[in-house]
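Thanks for coming. I have one structure to go through today, so let me put it on the screen.

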Amino acid sequence: MSIVRLPGLIDPHVHLRDPGATQKEDFLTGTRAALAGGITMLLDMPNNPGAPVTSPAALAAKEEVAASKIVCDVGLYYGATPHNAATYSSVAHGVFGLKLYLDHTTGDLKVDELETIVAIMRAWPREKPLLVHAEDRTVAMVLGLIPFVGRGVHFCHISEKIEIELIRDAKERGLPVTCEVAPHHLYLTEEDVPRLEGFGIMKPPLKRAVDRDALWANLDVIDMIATDHAPHTIAEKQGKPAPFGVPGLETSLPLMLTAVAAGRLSLDRLVEMMHDAPARLFHTGPQPDTYVDVDTDAEWTIETVGLQTKCGWTPFEGMSVTGAVKSVVLRGREVFRDGEILAKPGSGKLISPVA
Ligand code: NCD
Ligand code: ZN
């Protein structure tokens, strides 16, 4: 056993489904899953099915439902539509960024018109993060727009060789871009889809081995790891077509610790990608007396039993990993130990960015 203390980790890309689709997950089960995964702060996406966070009223409603349930700290994002730019000034201070969907996925927030995309990029305050769901050609489009609109962009869940190469080039030219990668794109490929069936369907889709390898080879360009935790029920995933998304809060740190054990990155770099970089970009502010003790030697197999997520499955089932979360302390209180959640509903904080 080799216990190492890490800061409480930050997951900047999570879909907790509450309100609107709480058969998949809710603020209590989702934040319990976060703690079990060593994540003490998460940022929740706005594409709630049936209840998108694209108006000040929807934002207030989500804040209210979150407050009484959460067991880790939670911040929210706002969603862009072709028609809601007039509301940005009233919500921007309280949210961690604006999410702009440029490709089809869960929800109904895809924006198509180039003129509208440019208008949204200009309307959102320049000092606040703008997060884009872009894949393949839309990554190139956004990179092309950055000098024109003159603002920074954060690319969610980059998954392809050509995308990471474009982002490397953009960074070398000094463009203000950051990006995140999800563990499923580092550990799974399209070759896993026949085995996983609906449980291997997500946006962006699993890619070729050459894409996965390019992500590992360009790890220095990847700013942060984000789970894109996007649970759906087993019945929903067995349906045809299966909805897009996989859970990831409980498996992200073990998978990344496994990469550390394999010598693919250092523990310092893991902390940079899973804590320091999201803290810097999103101005999350400190979490005092908050830390995660991990056993970096623990070898175990990912299983469905014992998962905290309401959806009750993981695409990583059966995978052998090295590294386990032993204990999590949030603001001086032990909130997780050896598989057990010790925190009470509502003990997490609903947070806003620090100026
Ligand atoms: C996400 C979801 O279900 O909300 N699905 C997914 O496959 N990643 C939406 C998204 O991030 O694209
Ligand atoms: Zn997502």
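**The zinc site and ligand 1**

I will start with the metal. Along the chain, the donors of the zinc ion, ligand 2, follow the spacing H-x1-H-x212-D. Keep in mind that this is a predicted model.

Which residues are the protein donors of the zinc ion? They are His13 and His15, each through NE2, and Asp228 through OD. These donors lie 2.0 to 2.1 Å from the zinc ion. Both His13 and His15 are buried.

Now the geometry. The zinc ion has four donor atoms, and the angles among them run from 89 to 139°.

Next, ligand 1. How many residues surround ligand 1? There are 15, and the closest are Arg17, Thr105, Thr106, Lys203 and Asp228.

For His232, an N or O atom of the side chain is 3.4 Å from an oxygen atom of ligand 1. Gly245 uses its backbone: an N or O atom there lies 3.1 Å from an oxygen atom of ligand 1.

On its own, ligand 1 has 310 Å² of accessible area, and the protein covers 100% of that. The space that ligand 1 takes up is the largest cavity.

Note on methods:
Residues numbered from 1 in each chain as written. Chains lettered and ligands numbered in written order. Predicted model: local features only at pLDDT ≥ 70, side-chain atom pairs only at ≥ 80, totals over all residues. Heavy atoms only, no water. Donors = N, O, S within 2.8 Å, 3.2 Å for Na, K, Ca; no water. Tetrahedral: all angles 85-135°; square planar, octahedral: opposite > 155°, others 65-115°. Buried < 20%, exposed > 50% of the residue type's maximum accessible area, 1.4 Å probe, protein only. Near = heavy atom within 4 Å. Polar contact = N/O pair within 3.5 Å; in protein donor to acceptor, adjacent residues only side chain to side chain. Areas by Shrake-Rupley, 256 points an atom, 1.4 Å probe, with all protein chains shown as cover. 1 Å grid on protein atoms, 1.4 Å probe; cavity = no way out; pocket = protein on both sides within 12 Å on 5 of 7 lines; lining within 4 Å. Sits in = over half its atoms within 2 Å of the grid points.
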